[in-house]
Amino acid sequence: MEPISLTGTVLLLPLASALVIMLFHGLLKNVAHLVSTGVSIIMFGCALIFLGAEDQPNGLLLYEYLKVGTFTADIGFVVDTQSRGMLFIVTFIGMLVHIYSLGYMKDDDARARYFGALSLFMFSMNGIVLADNLVMMFIFWELVGVSSYLLIGHWFKKPEAADAAKKAFLTNRVGDFGFMAGILILFGLTGHVSIAQLQGSMESGALNHIRDNYEWIITLAGLGLFLGAMGKSAQAPLHVWLPDAMEGPTPVSALIHAATMVAAGVYMLVRVYFIIGASHVTGDIIAWIGGITALMAALMATQQSDIKKILAYSTLSQLGYMVMAVGLGGPKEGMFHLYTHAFFKAMLFLGSGAVIYACHHEQNIWKMGGLYKKMPVTFWTFAIGTAALMGVPLMAGFWSKEGILAVAYPEHGHGNGILFGMAVLTATLTAFYMTRLVVVAFFGKARGKDADHAHEAPLVMILPLVVLAFPSVLAGYHFLAEPLQALVPNHHEGAGAKVVMGCSLVAVIVGFLAATRLYRNADKDPVNIPLFANKFYIDEFYAGLVKYGQDRFAWLVTALERIFVDGLTVRLPAALASGLGSWMRGLQSGSLQAYTFVLGLGIVVVVYLAVFFSTKP
Amino acid sequence: MVTLNHYLLVSGLLFSIGLVGVVVRRNILTIYMCLEMMLSAANLTLVAFSRFRLVEGLPDYNAQALVFFTITVAAAEVAVGLAIIVALFRARQSVDITAVEKLKG
Amino acid sequence: MPAVLFYLFSALTLVFGLMVVVLRNPVASALSLVMSFAGLAALFISLDAYFIGIIQILVYAGAVMVLFLFIIMLLDIKAEALKKVNAFSVVGGALLAIVFIVQLGMILGGLEAGKKTVADVPIHFEAAAETQKLPTIKDDLAKKSLPDTKLVGMALFHRYPFQIQLMGALLLVGTIGVVILSKREVN
């Protein structure tokens, strides 16, 4: 198959599926899920073939979307290691989530709508992965936002879900503003938006000249693009939407809000790394925001009791890790962690979905317990995922996490002692909260009626868990990572490597032991830190900001509008017209004689004007 | 001697009398008669000019044709107008125009 | 026409016209109008417009005024009460009339063509007889008598046939309108 038809199929097939399902929603009620799942399997097949495609540095043109003068923005595809590997991850996890959803959403009334939105998401995500220019990426960036909105708000009758969907959408707008500003700055500097052309320009062209003389412009452009990534990848302070997005169906959380869409920010940063890497300021800001997000989210995760919320904060924390790695000059390390994280985090979410499904939609871990006997497959896969996330040696997460720690280690080019300490602390906390989750949910005795009656999930839900368990263990090894086109970082040698390894191991052990000791046989949370449980009060801060800032501002704007728009331009002319009208109304006396008199007066005046009035002197 | 001006003056006076009648009187029938008077005054002007402007040695018969049309229209107008007056009288039991003030704004 | 007759008929026309406005009884007003129109018809005839003069009598003084009288009888309209006269309208109407007459007088004062008499513009029968083609008109003109009705007929049917038909349509529509207006019941 030609690469262009391959990528075209990958892009357009889910679009067709989404359109067909959404347009013939009622007609396809009972087959929509099969259509969507079938399409996802075909896409995965295409992605597998695509792994062997040749590099196309100048991109493949599918469709000339915009052409104004010398400016072009096409629907075109970039083919390189990064896009091949990412497409594999997206379609692989997408396919598994589709299959898993067959079981999870079996009894949902709006199953067709769900699968239609899932197809739309696959279309949009593939578009981001394959985009060879920033405009196309931005279009699909917005499209994933829309499909994410649709899927978070799938149970829109629940006010929390509707609010969460709205929150996710609005928060992302802030990021998109930055993304667009970044694109516009780059377009303004060079006149094109193609990533390949921008990179060429940065190596020897306009951007190169600008970087040498006006570095702040490049910094500004990089920060704009990073703001977009902050929105999509939920970096502090725009992270608030991701935990709330857990109101969506769990398979959606696994696919969109853990493995793929939220990673799009990191993916994009790595795509435009030549811009970010060109300015130290940009890199530092990105690294710090990533580090702060990682640590803060990990602290918040330690005090949550909702199983999905814990995983959500964990996702935030891991995304912070990746972003920090990119900021510290390790795009490969960031992408590699994205790649391993996608597998085990998707599996953890799907596992939590199985638990939730078994416990009749109970999400509080303190009402679970003792599940390891009732759900052995779920437990073992969940345990593997937890180990991978904690960074237990020889698991996938271990390799990628160590890579990031190595980048942060001061010995490395951009390394930073404080950030390294924060990263190690985060790793410790990760081990701590994941152990806490497993101990509380799966061990001890059942603390709720639902947990008591729990039983293993159906096969379509177990199967994706088992399939994902393999890459969760093995993805870090070269024999799997290389054929899957992951960006494997170079191994760091030297004295630092041993320190990094030691810190990493100590972090896992400390976290694990502390959690085991604290939570074994605990019936309620023995630790109680309101600051962490309440997410550092950031939501409250925003609410206050909106309440006191926005309301005041809105009051001012309303007042101005009332005076100038409503008053001077609308009400005043209206009042004049109506006043004139009431005055003229008096002339309509209704008296025939008065009318005749005026008529006669008119005759006299006309005669005067026609005969006697003269403009000549 | 009787000149064109004499005829025109008589016509103007008759028209003025009609105008005063329309403005002063309230009886719709009288107003109607005054209107007819004004129309006839106009006819007198037309006929006078017709006689004093010779075409091929004869009075201008175009003007007289116009007078003929005016009289026809006036007759039709009287017929319709009187029917309206009858209808109005049925509704108001009066031919006084002060009884009809629906157009008052 | 002798000047005496002109002044007599003018006075007749204007005095009875004034009486139409002044008299309070509508029957008296209508009869005054008949007299006024009779005087007007005489003025038409004095201008050699015999046909117009005759139909002024026939149509106006005959048909139209009979219609007025008939309606007055039908509705049984009484004379207007004296107190109802509106001073404002009387003053306004008189003012209008005076201004109009003054304007007219000023116009006529400056009108040179207005100073001609009928005798100054005599009808040229010989010249007219040569240009007219219809034998009957030619013959009448040759005998120095004015075939007024024939000439009006020539003008109407020769130059304005379409307008004549329009008049017919207008009268038809007027007739239908009158029927509908009179038929309608008042709820």
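Trainee: Which residues are linked with A:E142 in a network of salt bridges?

Mentor: This is a predicted model. In it, A:R173 forms a salt bridge with A:D176, and the closest N and O atoms are 2.4 Å apart. The network of salt bridges that includes A:E142 has as its other members A:R173 and A:D176.

Trainee: How many residues apart are A:R173 and A:D176 in helix α6 of chain A?

Mentor: The two residues form a salt bridge. Both belong to helix α6 of chain A, and about one helical turn separates them. Their spacing in that helix is three residues.

Trainee: Is A:D176 buried or exposed?

Mentor: A residue is buried when its relative accessible area is under 20%. For A:D176 the relative accessible area is 4%, so A:D176 is buried.

Trainee: Which residue forms a salt bridge with A:K167?

Mentor: A:K167 lies in helix α6 (residues 159-190) of chain A. Its relative accessible area is 21%, so A:K167 is partly exposed. The closest N and O atoms of the salt bridge are 2.9 Å apart, and the partner is A:D244.

Trainee: How many residues apart in sequence are the parts that A:K167 and A:D244 tie together?

Mentor: The salt bridge joins A:K167 to A:D244. A:K167 is in helix α6 and A:D244 is in helix α10 (residues 241-244) of chain A. A:D244 is buried, with a relative accessible area of 19%. The parts tied together by the pair are apart in sequence by 77 residues.

Trainee: Where in chain A does A:D80 lie, given its salt bridge with A:R271?

Mentor: The closest N and O atoms of A:D80 and A:R271 are 3.1 Å apart. A:R271 is in helix α12 (residues 264-271) of chain A, and the pair ties together parts that are 191 residues apart in sequence. A:R271 is buried, at a relative accessible area of 7%. A:D80 lies in the loop between β2 and α3 (81-104) of chain A.

Trainee: How many bridges join strand β1 of chain A to β2(A)?

Mentor: Strand β1 covers residues 56-68 of chain A, and β1 and β2(A) run antiparallel. Within this pairing, A:K67 stands opposite A:T72 in β2(A). The bridges that join the two strands number seven.

Trainee: Which residue in the turn between β1(A) and β2(A) has a positive phi?

Mentor: The two strands form a hairpin, with two residues between them. The phi in question is about 60°, and the residue is A:G69.

Trainee: How many of the nine residues of strand β2 of chain A are buried?

Mentor: Strand β2 comprises residues 71-79 of chain A and is mostly covered. For chain A, buried residues make up 55% of the 617 residues. In strand β2 the number buried is eight.

Trainee: Which residue's backbone oxygen does the side chain of A:S36 reach?

Mentor: A:S36 lies in helix α2 (residues 32-50) of chain A. It counts as buried because its relative accessibility is 1%. Leaving aside neighbours within four places in sequence, its contacts include A:S17, A:I21 and A:H98. The side chain of A:S36 reaches, at 3.3 Å, the backbone oxygen of A:F115.

Trainee: About how much area do chain B and chain C bury between them?

Mentor: In the contact between these chains, 71 residues of chain B meet 89 residues of chain C. B:M33, B:R51 and B:Y61 supply 10% of the area that chain B buries against chain C, more than any other three residues. Of the area buried between the two chains, 76% is on carbon and sulfur atoms, and the total is about 7200 Å².

Trainee: Which residue of chain C forms a salt bridge with B:R51?

Mentor: Across the interface of chain B and chain C the rule finds one salt bridge. The closest N and O atoms of the B:R51 pair are 2.8 Å apart, and the partner is C:D48.

Trainee: Which element gives the most residues to the side of chain B that touches chain C?

Mentor: The elements that give two or more residues to this side are α1 (4-24), α2 (28-52), β2 (58-59) and α3 (61-92) of chain B. The residues of this side divide into 50 nonpolar, 14 polar and seven charged. With 25 residues, the element that gives the most is α3(B).

Terms used: Residues numbered from 1 in each chain as written. Chains lettered and ligands numbered in written order. Predicted model: local features only at pLDDT ≥ 70, side-chain atom pairs only at ≥ 80, totals over all residues. Heavy atoms only, no water. Contact = heavy atoms within 4.5 Å. Buried area = accessible area lost by both parts, 1.4 Å probe. Salt bridge = Lys/Arg side-chain N within 4 Å of Asp/Glu carboxyl O. Helix = DSSP H or I, 4+ residues; strand = E, 2+ residues; numbered from the N terminus. Nonpolar A, V, L, I, M, F, W, Y, C, P; charged D, E, K, R; others polar. Buried < 20%, exposed > 50% of the residue type's maximum accessible area, 1.4 Å probe, protein only. Polar contact = N/O pair within 3.5 Å; in protein donor to acceptor, adjacent residues only side chain to side chain. Pairing = 2+ DSSP bridges.
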